[in-house]
Amino acid sequence: MLIKRARAGDIRSSEITSETVFHERRQIIKAMGLGAVALGTPVVGGATSGERQFYTTQAPLSGPAWLQNKLKTLTPGQYSTRESATPFEYVSTYNNFYEFGTGKTDPADNSQNFVTDPWKVEVAGEAELTGTYNLEDIVNLHTLEERVYRLRCVEAWSMVVPWVGFPLANLLKRFKPNSNAKYVRFETLHDPEQMPAQGSRFAAIDYPYIEGLRIDEAMNELAFLAVGVYGNAMPNQNGAPIRLVVPWKYGFKSIKSIVKIEFTKRRPKTTWEISNSREYGFYANVNPDVDHPRWSQARERRLPTSIFSQNYVETLKFNGYAPLVAHLYKDMDLRKQY
Ligand code: MTE
């Protein structure tokens, strides 16, 4: 078992949750095959069966100098699946980032000149502290950790991605949200000059892309802000320079290239809900029992797939993270609040 030493300013998981629940959860996590175990030499590529791996990169470090320095201190995080990560070439070429086009390879093809440094993030709304900050100043407050999470898209494909980042809760708490802060709203950059689809008359969705979480969901230890993958800076097509990762929800909740985080009283209207509320709900918890109106959600194609094998796997409720998140929805009918 890896014991992560807390650094000054770093909120330990045991501080977020009561000690008893914390220890109970450790047991559940072990039983789920999640969690950090002692690691040997860092490796590149797939995991050997049953062992948790730390995915480093052989490529030169990319991104601004401050991020490269920070990446050198990357540590293995908690809650990582032991399933092998999807190879980098798939993670970085099979994407949804409609601002750069709706085809799966459009984001990689069209985002290479996207300028992500310098980058500012505004924190606004129902909190004691608000303001606009350089990304560097935000990231430097946190220890970067790697979390290998399953990513399940509402389109019924999935990947396993080694993200680099820090828990969303650790950032949100610094701004001291007040008792009116019931939700957190996230906004992607709006810049039609750089993001061609935003200026198109035929845009598939409204821009800027908006997402939201209930405050208790946002404070859950699994909700993560990622600034990289595979031990390196975030590729533009994956949502550089900073994106959300909510592993128990369909991928569309994991908003990319965030410029604004706002604590709100009311539930924000989110992009896909506005686009088609019958097909895409606010909660969007991964649920094999509730089909999309046009297809089943009972199983998923785990990338990489080939013409010889679609590589189907069963979809798990809350994408396999139920022991850590099911309590958030205990009084809700998830068929109605999908
Ligand atoms: N964020 C923005 N701003 N625009 C998008 O089109 N697509 C979402 C989500 N975040 C999207 C977004 C969807 S549908 C998915 S499945 C994931 O990003 C895909 O993340 P990936 O391309 O890194 O796999």
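Author: On a 1 Å grid over the protein atoms alone, a pocket is an open set of points where a 1.4 Å probe fits, with protein on both sides within 12 Å along at least five of seven lines. A volume is the space filled by probe spheres set on the points, which are joined across faces, edges and corners. This is a predicted model: local features need pLDDT of at least 70, side-chain atom pairs pLDDT 80 or more, while totals for chains, interfaces and linings use all residues. Residues are numbered from 1 along each chain, and side-chain values use heavy atoms, without hydrogens and water.

Reader: How many residues line the second largest pocket?

Author: Lining residues have an atom within 4 Å of a point. Here there are 27. Asn96, Phe97, Tyr209, Gly251 and Phe252 lie nearest the centre. The space is about 430 Å³.

Reader: Which peptide bond involving proline 118 is cis?

Author: Most peptide bonds are trans. The bond from aspartate 117 to proline 118 is cis, with omega near 5 degrees. Tyrosine 207 and proline 208 are also joined by a cis bond, with omega about 0 degrees.

Reader: What is phi of tyrosine 230?

Author: Most residues other than glycine have a negative phi. Tyrosine 230 has a positive phi, near 50 degrees. Phenylalanine 318 has a phi near 50 degrees, also positive.

Reader: Is phenylalanine 318 buried or exposed?

Author: Buried means under 20% relative accessible area, exposed over 50%, partly exposed in between (1.4 Å probe, protein chains only). Phenylalanine 318 has 4%, so it is buried. Tyrosine 230 is buried too, at 8%.
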